[in-house]
Amino acid sequence: MEKTKIVVGEKMTKVVVVGTGITKFGELWEKSFRDLITEAGIRAIEDSGLSGKDIEAIYGGCMASGRFIGQEHIGALIADQLGLNPIPSTRCEAACASGGVALRQGFLAIKSGAYDCVAVGGVEKMTEVSTEEAGFALGGAGDQEIELFHGATFPSLYALLARAHMNEFGTTEEQMAMVAVKNHANAMHNPNAQFHREITVEQVMNSGYVAEPIKLLDCSPITDGAAAVILCSGKKARELGLKGVEIAASEQASDALALTDRKSLTELNSTKVASSKAYKKAGVRPKDIDVAEVHDCFTINEIISIEDLGFFKKGEGGKAVEEGKTSLTGSIPINTSGGLKAAGHPVGATGIKQAIEIVEQIEGKCNGRQVKNAKLGLAHNVGGSGATAVVSIFRRWGK
Amino acid sequence: MKHPMPLNWRKYAERYNLYGTRCETCGTAFFPGRKICPNCRRKGKMVEEKMPEQGKIVSFTRVHTGPSGFKHETPYFLAIIELDNRARLLAQIVDTEPEQVKIGTRVKRAFRKIMEPDKKGVISYGYKFRITE
C-alpha cells in the first residue's frame, strides 16, 4: 500500500495574522458581553483593512458564559452581533485555554484549505457574579467529583503543584513573588492592562495566603475583556497586499483533569508535548525564541512552564526569574504584556491576547515594553491545572 | 456547590468504602475506578478492588479561602495522598496540628461529613485522612 506523501515547504499553506483587536481588560461595569465581542471584533477587522464580507468563518473561545451571564450558544451570538450571519461560527471551550484552542482551530481551518480568511476571538465577562460564584465557575476547570467535592479551590490545585516544586527543587515563595513583581512592571507599559501599579516582593509576601504557599498577589485577577484576530492564507494576504505575522505552528495536548492522575507534580506534560511538537513543526529550538507569553494564572505556573517550554532546565525556573533572565532586558523576556497576573485574565480571551502581544512584538509596536528586534515569539495557554495546553509559534512573514 | 442525591448515591462504594478498580493486565490500581485502563485500553481487564486505608502525603496545601460548604472549616489542610497500592487521591487532613502535616507523613482514612449540607439538605459523607505517626 502506498503511503500518503505529506508536502512540506513552500507549497504548504501559510497562515498569517493580518489584523488584531483588543478591548481594555479590567472590571468593565459599563460594558456587556456583547459590547466586548463587537468592540474587539470590529477593531480586528478594521486593523486588517478587510471588510466583514471577506470573513468566511468564526471560532470563538469562551469558558463559562453559562455560569457568568447565563448565556450559551456563544458562536451564533458572536456572528449575529458582528453582523456576519450566516457564516459558520463555532465556540471552543477548554477552560482557561479556550482562546488558544480557538486560535488553533482557525489556524487548522486555513491550513486545511477550507477557508482563506477567518476571524478568531476570545471573550469572558466575569464581573456580573460574586467572587464566590466566579470561583465556582472557574473550579469547573478541575475535576468536580474528586477535587472540588473535597474542598479544593482553583488556587489550592496550583498550591499543591507549588509545594511539590518547592520540595523537589528548593523553589522559594520569594521567587514566585518576583514573577508577580516583574509582570506588574511590564503591565505599566501596556495601555490595555487591568493593573497599572508596580508592586514589591514585600507586598506580595504580605498579601495573605489564599492556599499556602499561594498568596493573593500570586493570583491572576477576575477580569472582563475580549480579543480578536483575523487570519488569512498567505496566498490571500499576498493578493490583497496585506501585512502580517505568520503562525509557524500551533500545537495542543491533553492530560488528566485531576492532579492525582498525573505522572508528575512538578511539570505539566501537556505543555511539554505541545511545545516540543510546535518547535519541531516550526523548525526552531527554545533558545531561538525572542519573546514569550506564558500562562501565569498563578506565579508558580510561570516558573513551571518556562522549564517545560525548554527555556530553562527543570528545577531552575525560580532561579532564572530571580536572576532577571525573564525580565524585559533578560535573555528571554516573559509576559511583556503583564501576563495574566497584571494584564488580567478574562479566561476565554487570554489565549488570543497572548497571540496579539506576540504579533505586536514582532511588528515592533510595543513601545515601552518592546523587545529589541523580536523576530520569533511563542504563546503558551493552559487550561485548568494543565489538562489542556496550546503552544503557538509566530514569526516575521516574508511575502 | 451542587451535589444531587443520585450522584451521591452512585458514589457510595467509592466515597464510603474506597472502592476503585485494578487492571489485571498491567496491575495498576485506579481510584476512583475507571472503565478503561489508560495504559492497556481494550487489552486491559478491570476488576473492582477496595483500596488500602493507609498511605503517605505527597503534597499538601492549607486552604484559607474555602468555597461554600467549607467556609466553617477554614483554614483546612488538603493533601494529595499516595495509598499503599500507589493509587493517589485528594482529601482533607483532619484532627492534626499544623506542624505535623509534611510531605512523606503517614496517614489513615477516616469516615467524615465532607461539607455543610446544601440548600436541599443533602449531606455528603466520604473520606478524610488522619495522621498516624
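User: In this predicted model, in which loop of chain B is B:Pro75 found?
Analyst: In this predicted model, B:Pro75 is joined to B:Thr74 by a cis peptide bond, with omega of about -5°. Most peptide bonds are trans. As for its place in chain B, B:Pro75 is in the loop between E4 and E5.

User: Which peptide bond of chain A is cis, with omega near 5°?
Analyst: The proline concerned sits in the loop between strand E5 (209-211) and strand E6 (214-215) of chain A. Its cis bond, with omega near 5°, is the one from A:Glu212 to A:Pro213.

User: In which order do the three strands of the open sheet in chain B lie?
Analyst: The edge strands are strand E2 (29-30) and strand E3 (46-50) of chain B, each of which pairs on one side only. The pairing in this open sheet is antiparallel. The order of the three strands of chain B is E2-E1-E3.

User: Which residue of E3(B) is the bridge partner of B:Tyr19?
Analyst: Strand E1 (residues 19-23) of chain B runs antiparallel to E3(B), and five bridges join the two. Strands of a sheet pair through backbone hydrogen bonds. For B:Tyr19, the bridge partner in E3(B) is B:Lys50.

User: How many residues does domain 2 of chain B give to the contact with domain 1 of chain B?
Analyst: The domain assignment divides chain B into domain 1 (1-16 + 53-133) and domain 2 (19-51), and their centres, taken over C-alpha atoms, are separated by 23 Å. On the side of domain 1 of chain B that touches domain 2 of chain B there are four nonpolar, one polar and two charged residues. Domain 1 of chain B gives seven residues to the contact, and the number from domain 2 of chain B is eight.

User: Which element gives the most to the side of chain B that touches chain A?
Analyst: The contact takes 25 residues from chain B and 23 residues from chain A. On the side of chain B, 16 residues are nonpolar, seven polar and two charged. Two or more residues come from each of strand E4 (54-63), strand E5 (76-83) and strand E6 (88-94) of chain B. The element that gives the most, with six residues, is E4(B).

User: Which element supplies the largest share of the side of domain 1 of chain A that touches domain 2 of chain A?
Analyst: Chain A is divided into domain 1 (15-129 + 223-245) and domain 2 (151-221 + 248-396); their contact takes 35 residues from domain 1 of chain A and 33 residues from domain 2 of chain A. On the domain 1 side, at least two residues each come from strand E1 (15-22), helix H4 (98-111), strand E4 (117-124) and strand E7 (225-233) of chain A. The largest share, eight residues, comes from H4(A).

User: How do the residues of the side of domain 1 of chain A that touches domain 2 of chain A divide by class, and what is the number of nonpolar residues?
Analyst: The C-alpha centres of domain 1 and domain 2 of chain A lie 23 Å apart. On the side of domain 1 of chain A that touches domain 2 of chain A, 10 residues are polar and four charged, and the nonpolar residues number 21.

User: Is A:Leu242 buried or exposed?
Analyst: A:Leu242 is in the loop between helix H9 (234-239) and strand E8 (245-254) of chain A. Leaving out residues up to four places away in sequence, A:Leu242 touches A:Val18, A:Ser48, A:Gly49, A:Cys232 and A:Ala237. The cut-off for burial is 20 or more other C-beta atoms within 10 Å. With 21 C-beta neighbours inside 10 Å, A:Leu242 is therefore buried.

Definitions and conventions:
Residues are numbered from 1 along each chain as its sequence is written. Chains are lettered from A and ligands numbered from 1 in the order in which they are written. This is a predicted model: local features need pLDDT of at least 70, side-chain atom pairs count only at pLDDT 80 or more; totals for chains, interfaces and linings use all residues. Domain bounds come from an automatic or database domain assignment. Two residues are in contact if their C-beta atoms, placed from the backbone, lie within 7 Å. Helices (H or I, at least four residues) and strands (E, at least two) are DSSP runs, numbered from the N terminus. Ala, Val, Leu, Ile, Met, Phe, Trp, Tyr, Cys and Pro count as nonpolar, Asp, Glu, Lys and Arg as charged, and the others, Gly among them, as polar. Two strands pair if DSSP finds at least two bridges between them. A residue is buried if 20 or more other C-beta atoms lie within 10 Å of its own, exposed if 12 or fewer, and partly exposed in between; C-beta atoms are placed from the backbone.
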